[in-house]
Each structure stands twice: as C-alpha cells, then as structure tokens.
Amino acid sequence: MERLCGLELPFWVANETFHGDRPDLPECFQLSVLSWLPCIYLWVASPIYLFYLKRNNKGYIMMSILNRFKTVFGLLLWIICWTDLFYTFHELRQGHNQPPIYFITPLVLGMTMLLATFLIQFERLHGVQSSGVLLIFWFLSVVCAIVPFRSKILKASSETGVTDTLRFTTFYFYFSLIACELILCCLNEKPPLFSNVVTDPNPCPETTAGFLSTMTFWWFTSLAIKGYKMPLEAKDLWSLNKRDSSQVMVPKLLKEWEKEQTKTKSEQNVSSQATYAKPPPSTTNHIAGGGGAGESSPEEVEVLLSNQKVPSRHPSFLHALIKAFGPYFLIGSAYKLLQDVITFVNPQLLRLLISFTKQKDVPVWWGYTLAFLMFFTALLQTIILHHHFQYCFVTGMNVRTSLIGAIYRKALVITNAAKRSSTVGEVVNLMSVDAQRFMDLTTFLNMLWSAPLQIMLALFFLWQNLGPSVLAGVAVMIMLIPFNAVIAMKTRAYQVEQMQYKDARIKLMNEILNGIKVLKLYAWENSFKEKVLAIRQKELNVLRKTAYLGALSTMAWTSAPFLVALTTFAVYVTVDENNVLDAEKAFVSLSLFNILRFPLNMLPQVISSLVQTSVSLKRIQNFLSHDELDLDSVDRKNTATDFTVTVVNGKFTWDKEEPPVLHNINVMVPQGSLLAVVGQVGCGKSSLISALLGEMEKLEGEVSIRGSVAYVPQQAWIQNATLRDNILFGKSYNEQKYRCVLEACALTPDLEVLPGGDMTEIGEKGINLSGGQRQRVSLARALYSDADVYLLDDPLSAVDAHVSKHIFDNLIGPEGVLKGKTRILVTHGISFLPQVDNIMVMVDGRVSEMGSYQELLDQNGAFSEFLRNYSLDDIVEEDEATDELMEEEEFFPDDALSNHHTDMVDNEPVINEAKKSFMRQISIVSSEGENPRSRSVRRHGCSQRKHPESQEKKKPQEVEKLIQAETTETGRVKTKVYLEYAKAVGLLLSVIICLLYGCQSAAAIGANIWLSQWTNDASRNQTKENVNMRVGVYAALGIAQGVLILVNCMLCRAYSMLRAAKLTHRNMLQGVLRAPQTFFESTPTGRLLNRFSKDVDAIDSHIPDNIDIWMRTF
C-alpha cells in the first residue's frame, strides 16, 4: 500500500487505532478500504442483477419525483467525486504531488456513482419498485463514510484545523447526498404501467412491501397492532397471495408428479423391450439323416423377449415434491446457513469481553464496542433466523395445500378397484393428518444438516478451549446415536400400526355418520360406540408404546448437553493437574454447550418427525399411484356418424382382475330419440350408464358420445346450498327458463311448502327433503344444464306414480321439454314404454333385444317376459295413482299438476287398455294408445303461462340458516378449558407433573450455580483440593435432572395425557351419538369427521408436546 498512499500516509497504525482513548483509522485505510468496499460490492453484484432484471421484466415505471431526485443526486455524487479528481490534477500542475490514492479513489467512486445512476433508471424501465441491491450499496456507503465523517471532525477541532478546505467540503456534500439516497431508496416507487389492477379489497401488503420493509417484517406491523387491540377474526386477515393459492400450487405439484410417472413408465418400457442375442458356438455336430457332411446349427438364434424380471421402479413422489418446492425452500436453507455461522460469533465476543474484564489499563471503549457487537450480532441473527422460518413456513403451507389438492383430485378419478383398497377413512386421514405432518416437518427440516454443522463447529471451538478433553463429550454423543436409531426404527413401526387403526376408526365413523338415521331408528348407538372404542383402545395401546420410546429418547437428548459438559469438564480437570477451570473456559464452554443444546434437542425430534412423515409419504405415494379411470375410454369428439351415442362390441368390468359385467354391447342412439333400457334387477342397466360415463373399465369395443352429457343418478346428489343453487349449479339465473324447469319437474307445489321457497337452505345430502323431492331437484338440475345427451338412471322410481307420470309427460316423453334431446332412460315403469322410440332389453349383462314397443311384443321374447313380471303390479299402481290424483285435486290449486290432472286421467284408460290387451295376448295395441294426445301449448308452453308472483317479488319471512358457520373461540384461552383438561388428566396427577417439572428445572439451575462456584475455586487456588467433590455433586445434579425427565415423560405422556385423550374422545363420541337428529341435519359430516381425525390427533400428539415445551420454559 506504500505505492498507493506513499510514506507519509501509513495504511495501519495499531497504537492509534486500538490503544488510544480517541481511536481513529489512518487516512490511507479510509481512502482505500472504506471507500472501495461499497464499490467492489456494486460492481460484483451488477452483472448478476442486470441479468436478473432482463429475465424478470415487469414493465416500465413512469418517471416520478422520487426517481428524479434519486437520479439527480446520483449525478451530483458523480460530479463531486470527479471534482476531487480534477482538483488533484490541479494540485499536480501547481507542483503539489499527491499519492496515487488521491487519483484512484475519486475515479473509482465517480464510475461507481455513474453505475448506480444507470441502475436507478434501468430498474425503473424494468418495473422495480424497491431495490435491495442499491439499498445495501447506499447503506454500506453511509456506514463506511461514518469513520471519515468523525475523523474529519476530530481534525477540524484539533489545533491544526482544516488544511484541505475543498476536500473537506466535498466530503460532507458527498456524505449528505449518500444519506439522502439511502433514505429515498427506502421509499417505494409507483406500480409499473399496464400492471394488473388490484381488485382485492384486502390485499396482503407483503407483495407491495419494499426491500427494507420485507427484511424487517415491517409490513406485518399493522396486523400485529390490530391483534393487540382486539381479537383477530377471519375477516381481518389479508387475502392469500396468488403464488401461495391452491390454484397455482396444486397444478405445480401435479405437473412434476406427472413428469415423474412418465419417466418411470418410459424406463419400464425400455427395460421390457425385446433383446437379441447370439448363442455360443456349438461344439456338437448334428448329422443329417441322409448321411452327408457335418452341419452346424443355425448361426443366430433370435430371442424375442427376455425372461429376466427387471424390478419395477415406482415413481418417486419425493422427487416431485423436491422439484416443485425445493428451489424456494433452498433460499430458507441459505438463511439458515448464514444464521448458524453468526451464532458462533457471540461466544468469541464473550471470550474477548471476559478477557477485557481481567485486563487493566485498557480503553473503556473496548467494552462498549464488544457489548454493542454482541447486541448487533444477536439482532442480525434473529432477523436472519426469522427469514429462514418465513420461507420454511410458507413452503410447508404450500406443500400441505398441494397435497390436499392432489389427494382430493385423485379421489375423484381413481378406479373402482382402487376405491376398495383406499377407504373414505384413509382419504380423510391423508388430507388431514398426513398432509399436516409434511407441514410440521418442513419447518425444521433444515436441522437435518444444520444440527450436525452446529455440533461440529461447537466441538471445534470447544477443542480450542479445552483441548483433547472434548473427545470425551464426542464419545458420549456417538454412544447416543445407535440408542436413538433403535428408538426411531421402533417408532416408525408403531406409527404405521397406529395409522392403520386410525384409518379403520375414521372409516367406521364415516359409516356411522352416513347411516345415523338407521342407527337411531334401531337404537344401535351403544353397539357402534363399543366398536369405535375397541379400535380406539388398540390405537391408544400403540400410542402408549410410542410414548415410552419417546420418554427414553427425550431423556437421552435432553441430558446430552449436560452429559457432554460433565464428561468434558471432568476429564479436563482430572487428566492434568495444571488444567484449571477458570471463568473464561467455563462460561465460554457453557455458551457453546448451550448452542449445542438446541441441535441436540431438535435433531431427535426432526428424525422422529421425519420417520412419521416417511410413513405418510409412502401412504400418499401409494394412493396417488392408484390406477385412474381412462379419460379416453369414451370418445367425445366423434363427428363421423349420425348417432349421438354409439357403443360397438363393448365389454366392460368394474375391476380388470374380475370377470366382465357387460358383454357384447352394441347400441346406436340417433339424435333426439328416447331409448328405454329395461330388464330384471341386477341385469346391468345402471352399469351400462356408468360405462357410458366412463366410470367402468373398458376391455373391448368403442364408445362415443357427441355433445355435453347430463346425468341423473338413482340416488340424487344434493349440495348443502339453497334449492335454487342446487338447480342452477353455477349457471346464471334465467327467470323464464327457471320457472319452466320447476313446472316440468313438478317442483312448484313444493316451493309453497318449503319455508323460504326456492331460497330454502337444503341440508347436507338433502337431509331436509324427501326422497322424491331430492330426485326432482336432481332432474331439474339436469334440465337446467341444457345438455345434449341425458342419461337418466331410473329417476322415476323414487317419486309417486302420479308425479312420475307428470314428469314423463312434461319432461322426458316425446312431447316433453326434452323432446329434441337424446335421452337414455333406465326404468321399471312399463306404462311409459309405448311412448318411447326404442327399447333395449338387458339380460345378464347382455343386450337381449332391441326395437320399438310393437316389434318387441311381436317377438314374444325377453321383453314379453319382463312385461309379464311387471304388468300386474304396475296396473294396480296406476289405478291407485289415478284415484289418488282425483282425491288430491283439491290440494293443488293453481299449480302445474292441477292443470294437467284432467288430461292424465282422461287418457289413463288408453294405456291401461293396452296393458290389459297384452295380458289377453292381443298383439295389437289400440290406436288410441299411440295417440300423442292433445298436449300442445296448454301443457308444455310453460313460457306462455302466467306465472304466479315470483319468489323475488314476495317478501318471505326471514328463514334461519340451516347449516351454521363453524365458529372458533377468540382471545385468551379460558381458564375453564385448562381446568377441563386438567380434570381429564387428573388434578392430583397434574400437580405432581408440575412439581416434577419444577424439580427438573431446580436441578438444572443448581448445576449451573454449582459450576459457577467451581470456577471461583481458580481465584482462591483451591482447584486441586475440591476436584472430586465438585465433579461428584455436578454429576449428581445432572443425573437427577435426567431421571426426573424420564419419570415425568413416562407419567405425563404414557399415562396421564393418554388418559385425557381417551376420556376426551369417549365424551365427544358419546355426545355425537346421543345428539338429536336435528344436529346431524345442521352439521356437515366433514366437520364431524375433522373433529375425530385431525383434532383427536392434536389431543394425542400435539398437545402433550406443546405442554412439555411450555413447561420447560420455566
């Protein structure tokens, strides 16, 4: 540095810097290191930053006042720096030779200020609202300029005064401008032009927060203040960032999972390809029968397929998770690495502080500086650590969101064979318990590499402090590794067993809740309660075994830091009489042992959580690997034929490993025709509809459907929503079309009965509607969808005979609303068969006959047999329906049914006559039976009818909401809740557990006090006399602490808290089973299942862990 600064300006003067009461840095150091440091940072970061901005262009920002000020200040800084440069040239011309540093530093600073000004404009043109790179640059510039700022003031106040007025003045202008640049850089620019307009009424401020606000979490302050003033509710929370929404996260994971599956399939295809090989040359001559020369075997033998079995590799769901969320998670890992390194700065500062207190005649500012550095490193460590947690928590939330979405999507498309192995209980547990485990693990997943790193660094510094004695502590840790490995293996086995019992319990609970009406009707509550409790007892037995292992593991790892300290100190003082355990060695070592405590405590928990998550990973991977229904089994783009629905040589099964259910199906349905599918019970009618929907496995043949499809199942599917929402099903409301649908489906009279009309809330699964009403709502939904093809799976079986006739005539039949649509109707009602276009008769999964009503009668085959079985009963039902219609005429004034009663009754003898004539073996149906009957405008022109006053124009009374929103307690947890849990644990046991925690803490505090007394022996020269006593008492206190932990964990987790879990579950189960039927009508099944799955898991596992962590803080 002499060449740069010359002999007059030394680079470093130790006495002036460290040993004076007014410390200062040499001018050469200020002009070189302090001036160049920010410049080096900016020039190194700029290429990477410019490349990043090129790749992430968000649009340009209009020139604002803020941007103008930043640009002007940057140009002024360039002018000031080069003013110093030109002044140096002026001095050179005047004969005053200055060292080269006076030329180089202004030049470098001036070029750097030009670069900073260029970056300001480049950021504006690429839509950067807040620059982290420039903020760090200006911050470094201000920090590095503080020393010259103070130094120049000291020189000005000295006797010599200011010798270089120009440079003195330009420096303070320079300092003022970089301080202004730093302040301006903390402010945000306006959003870029043409950026998306934020329409969210409550957006998350994180997305618009500046760099400084993001680094300090200042954007969160408003919510924290609001939460301090009042209990937070859901409406107070900000909207979710789009990048964290399921709309973005779920497809991201599914894309990587599909790639993994495709990769595995391609590898399996390569391994199973045909191979060709040459056999070794034959050593035996085969003589032809004719007696000629020896002929060898053919030179080549073609081996078509290799018989070697290549082990099949399953697609790895873990790889998909890593590819989807790994990059974002690695940013958090980088923060964690930085935090781990900074953690070990404080023990070194503590060493310097203790040595400072021992020294005399040293400047006081040393102590203040060391104290400030300890505070600053702790603050920096906290900020970095919480950024690490922010990334980990967001990643965990995204993983959980994606898993739930992927599992839910998979549950909708798995094959019927897969549904047998994956029960509803398992799917619920996968989404609630297993997905949550991934989120819990992600928070501390970095401890898998961070804990060993911290342990190695701590042992390295301990080696420097205590020498080879630290190897004794290493030996203790190594001895604990196999002990915990065995515990982890056993815990994993118990975890698998527990999840099996949990799945069985949730499956049974789901069946109980779905069949609660029957359960209460037959008073089977106690029987099913005992079944659930029997499974629960097996689950608790496994949890108890896991708790025993957890107690041993907790004792080992909680005692590990103490055991390491004990063995290290004991070996250190006994191996050599000259080794003295003084305050510096003891307390620096203790600070390192305290650093060791967290990784040693967390590592086993992370390993345990990793073991549990690996079980969940395998379960989720197995579920997501199930076969899916083939989406291409039904061709929906076939426009080559004139038929809307076509099945050619179709063979279908529910499970590929089972024999086919449908054989040799050939169906062709023309556009706008009505096909009736009839047959005995179990002959495959509903299976045919499922095959057309693509829900069955297609073994052979071709299936094509042209246009959109509406499906009405036998069991109506009703949402927990209003009646209108169930019918509209997301489509826009059209008054005229809606009223027409209600009339056609005979729902108009029901609206008069329902308390809120069509705005009445329908309970889960339509629990507050009758079976017929549910079926008519399902029909209305299909009709309102205005599809091209209607698949109707016996929709008329759930309604009364007169209503079914109304629905057929007004909706399904040849003169109904759907007369221009293609309809496939599965039915047992033979009264409608004369009016359909074609009839298909199914027998044992095959198409027996197909044709019109008259053609099938003439054939006298399976259709005739079907009519013989059903005709007499149907005639009786129709006669009763006719009488019922006549009797009920007075109860339906001015509604859709009453307008058509006369037509129905007048025409009844026609159809009945047709049936009776068949029974008399008359093959000709009377011409009146085929008469379409006068239905014209009066029956089907629903748009021309004058509707009664619409529901909107009425002012119905306020209807109480059926399904109440789930509420949660806010504010502090009430004392009653703690007392209830304490009662479940047992009041006496709770007191004993608290006392044991107190004794455990007392033993730990006593060990620290004893150690401080031990270090005082060095000052009194009593180290040799009391070594055995000091070591013995210190060991006794530590062992007592370990034993108390073991006893406490055994008593707390394996007995008392499992007792509380058992009692809580029993009371909840009894409360649910004894609840009135109205409770199940107003409470969704999913909400109850969540209580028995996720919340019970929280009581079993999370509450004991949290209580343990909370009690150890005292």
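1. Ala523 sits in the loop that connects helix H18 (516-521) to H19; helices here are DSSP runs of H or I with at least four residues, strands are runs of E with at least two, and both are numbered from the N terminus. The phi angle of Ala523 is near 55°, a positive value in a residue other than glycine. Ala523 has 58% relative accessibility and therefore counts as exposed (buried means under 20% relative accessible area, exposed over 50%, and partly exposed in between, with a 1.4 Å probe and protein chains only).

2. On the basis of the values: this is a predicted model, in which local features need pLDDT of at least 70 and side-chain atom pairs count only at pLDDT 80 or more, while totals for chains, interfaces and linings use all residues. Residues are numbered from 1 along each chain as its sequence is written, and side-chain values use heavy atoms, with hydrogens and water left out.

3. As to overall composition, the protein contains 36 helices and nine strands. Of its 1114 residues, 46% are buried. Among contacts (heavy atoms within 4.5 Å) with a separation of 6 or more, 81% join residues 24 or more positions apart.

4. Helix H19 (residues 525-575) packs with helix H36 (residues 1085-1112) at an angle of about 25°, and their axes are 12 Å apart. Axes are lines fitted to C-alpha atoms, for helices over the stretch in contact, and angles run from 0 to 180 degrees between N-to-C directions. H19 and H36 are therefore roughly parallel to each other (angles under 35 degrees count as roughly parallel, over 145 as roughly antiparallel, 65 to 115 as roughly perpendicular and the rest as oblique). H19 passes H36 in a right-handed crossing; a crossing is right-handed if the near helix is turned clockwise from the far one by less than a right angle, and left-handed if anticlockwise. H19 contributes Arg536, Glu539, Leu543, Thr554 and Thr558 to the contact, and H36 contributes Val1096, Asp1100 and Arg1112. By class, these residues are two nonpolar, two polar and four charged (Ala, Val, Leu, Ile, Met, Phe, Trp, Tyr, Cys and Pro count as nonpolar, Asp, Glu, Lys and Arg as charged, and the others, Gly among them, as polar).

5. Gln498 belongs to helix H17 (residues 470-514). With 3% relative accessibility, Gln498 counts as buried. Beyond its neighbours within four places in sequence, Gln498 is in contact with Glu539, Val542 and Leu543. The C-alpha atoms of Gln498 and Leu543 are 7.2 Å apart, although the two residues are separated by 45 residues in sequence. Glu539 and Leu543 also take part in the contact of H19 with H36.

6. Helix H33 (residues 987-1016) and helix H34 (residues 1027-1073) have axes that come within 9 Å and cross at roughly 160°. The pair is therefore roughly antiparallel, and H33 passes H34 in a left-handed crossing. The contact of H33 with H34 comprises 23 nonpolar residues, six polar and one charged.

7. Helix H4 (residues 65-93) and helix H7 (residues 165-185) pack at an angle of about 160°, with axes 10 Å apart. H4 and H7 are therefore roughly antiparallel to each other, and the crossing of H4 over H7 is left-handed. Their contact holds 15 nonpolar, four polar and five charged residues.

8. The largest nonpolar core has 51 residues, of which Ile727, Leu811, Ile812, Leu833, Ile839 and Phe863 touch the most other members; such a core is a set of buried Ala, Val, Leu, Ile, Met, Phe, Trp, Tyr and Cys residues joined through side-chain atoms within 4.5 Å. Helix H25 (residues 771-785) supplies the largest share of this core, six residues. Another core, of 40 residues, lies apart from it and includes Val470, Met477, Leu581 and Leu596.

9. Asn664 lies in strand S2 (residues 662-670). Its phi is near 45°, a positive value in a residue other than glycine. At 47% relative accessibility, Asn664 counts as partly exposed.

10. Gln671 is placed in the loop between S2 and strand S3 (674-679). Gln671, at 47% relative accessibility, counts as partly exposed. Its contacts, leaving aside neighbours within four places in sequence, are Asp642, Thr644, Gly820 and Thr822.
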